[in-house]
Amino acid sequence: MDLEKGLGYKKPTYGAYNISPYLNIDPSVLKHQEPEFILPEGAGPRRGRYEQALPIVGSCVCGGAGFGGVYGIYKGFSDENVKKLEGKYFNAPWRTQFINVVTRHSSAVARVTGTIGMLYCGTGSILNYWTEQEKWVISAVSGAVTGGLYKAFAGGRTAAISAAAGATIASGIHALTSTRPVSSAIYESRTYY
């Protein structure tokens with residue numbers, strides 16, 4: 001005996017769509033329409049430089065931790081303290097020593113890249129607030145200021161070289177991310193949902 005027929009249950013319908021018996025809603029309500037965002041007061045339809053800072057700094061820290069971890073694995077196999085335990089791979093002292101080397105290098109590179117990302121985003125936010133320049137100009141100047149500030153205590157020549165490297169890297173990254181699909185995904189997207 002069919003349970004639906006036996007209990008007198010009739011599946012409700014609404015228009016051409018079936019109403020879900022579990023959710024008790026009309027599926028046509030859930031059709032995708034125009035995106036509806038609740039924007040903060042005074043906010044434009046795009047994210048500003050300040051709103052983009054957190055993903056950039058987080059990417060710098062996580063990317064630095066990844067690169068530092070890979071470098072730490074390399075150094076872990078070539079470190080003198082670990083080599084003293086040669087022939088005893090995968091025992092407790094070797095594992096502890098190896099993990100210490102990997103963690104030390106990973107955290108050191110993550111701190112450096114996080115600091116660089118924070119300087120870059122802070123400088124970019126300040127320049128974006130004070131000037132109405134193009135994005136690539138602000139990116140290049142932010143990269144130059146970040147490089148110069150990061151190596152400021154190493155001497156003038158080193159700071160100038162670092163500033164030039166920072167401007168070049170920031171301009172290159174901006175050029176790579178300024179294509180239409182990437183730009184719409186990064187700069188024009190909203191994450192208020």
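Trainee: Why does phenylalanine 98 count as buried?

Mentor: Its relative accessibility is 14%, and buried means under 20% relative accessible area, with exposed being over 50% and partly exposed in between, for a 1.4 Å probe and protein chains only, so phenylalanine 98 counts as buried. This is a predicted model, in which local features need pLDDT of at least 70 and side-chain atom pairs count only at pLDDT 80 or more, whereas totals for chains, interfaces and linings use all residues. Residues are numbered from 1 along each chain as its sequence is written, and side-chain values use heavy atoms, with hydrogens and water left out.

Trainee: How many aromatic pairs are there, and what makes the pair of tyrosine 71 and tyrosine 74 tilted?

Mentor: The count comes to two aromatic pairs. The ring centres of tyrosine 71 and tyrosine 74 lie 6.4 Å apart with the planes at 40°; rings of Phe, Tyr and Trp (its six-membered ring) pair if their centres lie within 6.5 Å, and planes under 30 degrees apart count as stacked, over 60 as edge-to-face and the rest as tilted, so this pair is tilted. Tyrosine 71 and tyrosine 74 are three residues apart in helix 2, which separates them by about one helical turn.

Trainee: Why is tyrosine 71 called partly exposed, and tyrosine 74 exposed?

Mentor: Tyrosine 71 has 41% relative accessibility, so it counts as partly exposed, whereas tyrosine 74, with a relative accessible area of 56%, is exposed.

Trainee: What makes the pair of phenylalanine 77 and phenylalanine 98 tilted?

Mentor: Their ring centres are 5.0 Å apart and their planes stand at 50°, so this pair is tilted. The pair links distant parts of the chain, with phenylalanine 77 in helix 2 and phenylalanine 98 in helix 4, 21 residues apart. Phenylalanine 77 counts as partly exposed, at 48% relative accessibility.

Trainee: Why is serine 139 called buried, and which residues is it in contact with, leaving aside neighbours within four places in sequence?

Mentor: Serine 139, in helix 5, has a relative accessible area of 2%, so it is buried. With those neighbours left aside, serine 139 is in contact (heavy atoms within 4.5 Å) with Arg49, Tyr120, Ala170 and His174.

Definitions and conventions
Helices (H or I, at least four residues) and strands (E, at least two) are DSSP runs, numbered from the N terminus.
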